[in-house]
Amino acid sequence: PLNGDGGITARVDSLQVTDPWAKAGVMIRESLEPGSKHAFMAVTASNGVAFQNRVETDQGSFNSNTAGLAAPYWVRLVREGNLFTAYRSADGETWELQPGSAETPNPREIVMDPNVLIGLAVTSHVNAQTTAEAVFSNACISGEVACPLPFQFGHDIGTNDPQPIYVRIEDANGISAMPIN
């Protein structure tokens, strides 16, 4: 949960190709309902990086993608009031505004409740309950977030029911571990 202004940055290290539009990135959304308003900055499997958003509940999503970019790649999404701005970076240091398109400007105004959800998102873009694996690193959230952050993801596009996620933590020396339930 995020209350008010904030942002999220992450590096998408890799993404399993289940569909050209499979994607992994950072998302801010109003709820876990399938038709929720949202802003999503993602790396796709075959269509570059994309800023996608839904401005009205249960309506269509809008897209602005830049072809030719692929994982590993950095993505960032910032919320200031009802203004959502999407960024991309090849190195995590030099950031570019993701260009808008005829479908959607960037930044984009999306009227949402002050209390929203913020986190990492992955979709296989396949409706037959096919999952996709993505690897993220350097995830960072700013703003007023609830702690500890719950690790959840929705794998069933019909209901978006949260499910457990498997996390491997690695330090700067390459030592890793998986938390035990």
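**Thr130.** I began with Thr130, which I found in the loop between strand 10 (115–123) and strand 11 (134–145); strands here are DSSP runs of E with at least two residues, and helices are runs of H or I with at least four, both numbered from the N terminus. The model is predicted, so I kept to its rules: local features need pLDDT of at least 70, side-chain atom pairs count only at pLDDT 80 or more, and totals for chains, interfaces and linings use all residues. Residues are numbered from 1 along each chain as its sequence is written, and side-chain values use heavy atoms, with hydrogens and water left out.

I looked up the accessibility of Thr130 and noted 34%, which counts as partly exposed; buried means under 20% relative accessible area, exposed over 50%, and partly exposed in between, with a 1.4 Å probe and protein chains only. Leaving aside neighbours within four places in sequence, I found Thr130 in contact with Thr18 and Ser124, where contact means heavy atoms within 4.5 Å. Thr18 lies 112 residues from Thr130 in sequence, yet their C-alpha atoms are 7.9 Å apart.

**His38.** I then turned to His38, which lies in strand 3 (residues 38–44) and is buried at 7% relative accessibility. Not counting residues up to four places away in sequence, I noted that His38 touches Met27, Ile28, Arg29, Gln52, Asn53, Arg54, Ser61, Ile110 and Met112. I also recorded that the His38 side chain reaches the backbone oxygen of Ser36 at 3.2 Å.

**Strand 7 and its partners.** For strand 7 (residues 83–89) I read that 5 of the 7 residues are buried, so this strand is largely enclosed by the rest of the structure. I listed its pairings, taking two strands as paired if DSSP finds at least two bridges between them. With strand 6 (residues 73–80), strand 7 pairs in the antiparallel sense over 7 bridges, and Trp74 stands opposite Ser89. These two strands form a hairpin with 2 residues between them, and Gly81 in the turn has a positive phi of about 65°.

With strand 9 (residues 108–109), strand 7 runs antiparallel and is joined by 2 bridges; there I found Leu83 opposite Glu109. Strand 8 (residues 96–97) also pairs with strand 7 in the antiparallel sense, over 2 bridges. In the hairpin of strand 7 and strand 8 there are 6 residues between the strands, and Gly92 takes a positive phi near 80°.

**Salt bridges.** I checked the charged pairs next and found 2 salt bridges in the structure, each a side-chain nitrogen of Lys or Arg within 4 Å of a carboxyl oxygen of Asp or Glu. Arg11 and Asp13 meet in a salt bridge at 2.5 Å, N to O, and Arg11 is partly exposed at 26%.

**Whole chain.** Last, I took down the totals: the chain has 0 helices and 15 strands, and of its 181 residues 35% count as buried. Among contacts between residues at least 6 apart in sequence, 58% join residues at least 24 apart. The chain exposes about 9900 Å², with carbon and sulfur atoms supplying 52% of it; accessible areas come from the Shrake-Rupley method with a 1.4 Å probe, and for residues only the protein chains shown count as cover.

Conventions:
Polar contact = N/O pair within 3.5 Å; in protein donor to acceptor, adjacent residues only side chain to side chain.
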